[in-house]
Amino acid sequence: MLARRVAIIGAGVSGLCALKCCLDEGLLPTCFEKSSDIGGLWRFEENPEEGRASIYPSLIINASKEIMSFSDFPVPEDFPNYMHNSKIMEYFRMYAQRFNLLRHIRFKTSVCRMAKCPDFATTGQWEVVTESDGKQETAVFDAVLVCTGHHTEAHLPLSTFPGLENFEGWYMHSRDYKSPQLFSGKRVVVVGMGNSGTDIAVELSHTAKQVFLSARHGTWVMHRVADTGYPFDYTYINRFFQILYNLLPKTTSSYLIERKLNARFNHPLYGLQPKHR
């Protein structure tokens, strides 16, 4: 029986893993990457690229290397627990080289469209149209894996800010943020208390005149490092705590976790106590 052909769209972390797994299963994968390099979200570029997530130079991952490491290719021991985006890219390149993945990737190739073949009901095959150097090409695959990520489009709901048309300052999305120097001596409000919003607010606080961090509701603030000095996720995401969490009543486990978090950072004191447990 002929090996099945698989199209993989995107050569970011998911695309690389999908590629490696397909090879492990004896399939024939072809990965299509619209840019000229691997990495997806984690590859820093000074200017945001259309259709690709964009990061700021100082970005550090929120998962420890012990948790995010590929099971069959551990992160080098001398890499920091929480890696800078450049170290993550270095790790991905080592992974791609170790498993000889690059030869299966077609760079600067966009997927224009994909559709079920006329005989899909019996074959399950897909027709994939790609474009490279202005030339389109059509190929048939037995399966398609879409690994394009979910941070490619900026969400900027300007209509929810009444009076914005009279605002004399300027606004931008975190996708376009690269350096705190532009905000030197300015009063800045950062809207949103997710990972990016908190990161950027902290970085701006060293440069801007004043920084406000705006959140719609409270949120639980979790530190990267646990009391012992080990990574927070590595300390608490394990079989023991999972069993304990499942055995205890939800109210009890929530109380214990909230007590731990509030001992480190008093949420009511800063008006950040969430309504949810």
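**Strands, pairings and a linking loop**

Strand β4 (residues 110-116) and strand β5 (residues 126-132) run antiparallel and are joined by six bridges. Please keep in mind that this is a predicted model.

**Antiparallel strands**
- Two residues lie between the strands in the hairpin of β5 and β6, where D133 takes a positive phi near 55 degrees.

**The parallel sheet**
- Four strands form an open sheet in the order β3-β2-β1-β7, with parallel pairing.
- β3 (105-107) and β7 each have a single partner strand and stand at the edges, so one side of each is left without a neighbour in the sheet.
- From one strand to the next, the twist averages 20 degrees.
- Helix α1 (residues 13-24) packs on this sheet and touches β1, β2, β3 and β7, while its direction makes about 170 degrees with that of β1.
- Five bridges pair β1 (residues 5-9) with β2 (residues 28-33) in the parallel sense, and C31 in β2 is the bridge partner of I8.

**D142 in its loop**
- Between β6 (135-141) and β7 (143-146) comes a loop, and D142 is found there.
- The D142 side chain makes a polar contact with the side chain of Q125 at 3.0 Å.
- Setting aside neighbours within four places in sequence, D142 is in contact with R4, R5, G124, Q125 and W126.

Terms used. Residues numbered from 1 in each chain as written. Predicted model: local features only at pLDDT ≥ 70, side-chain atom pairs only at ≥ 80, totals over all residues. Heavy atoms only, no water. Polar contact = N/O pair within 3.5 Å; in protein donor to acceptor, adjacent residues only side chain to side chain. Contact = heavy atoms within 4.5 Å. Pairing = 2+ DSSP bridges. Axes fitted to C-alpha atoms, helices over the stretch in contact; angles between N-to-C directions.
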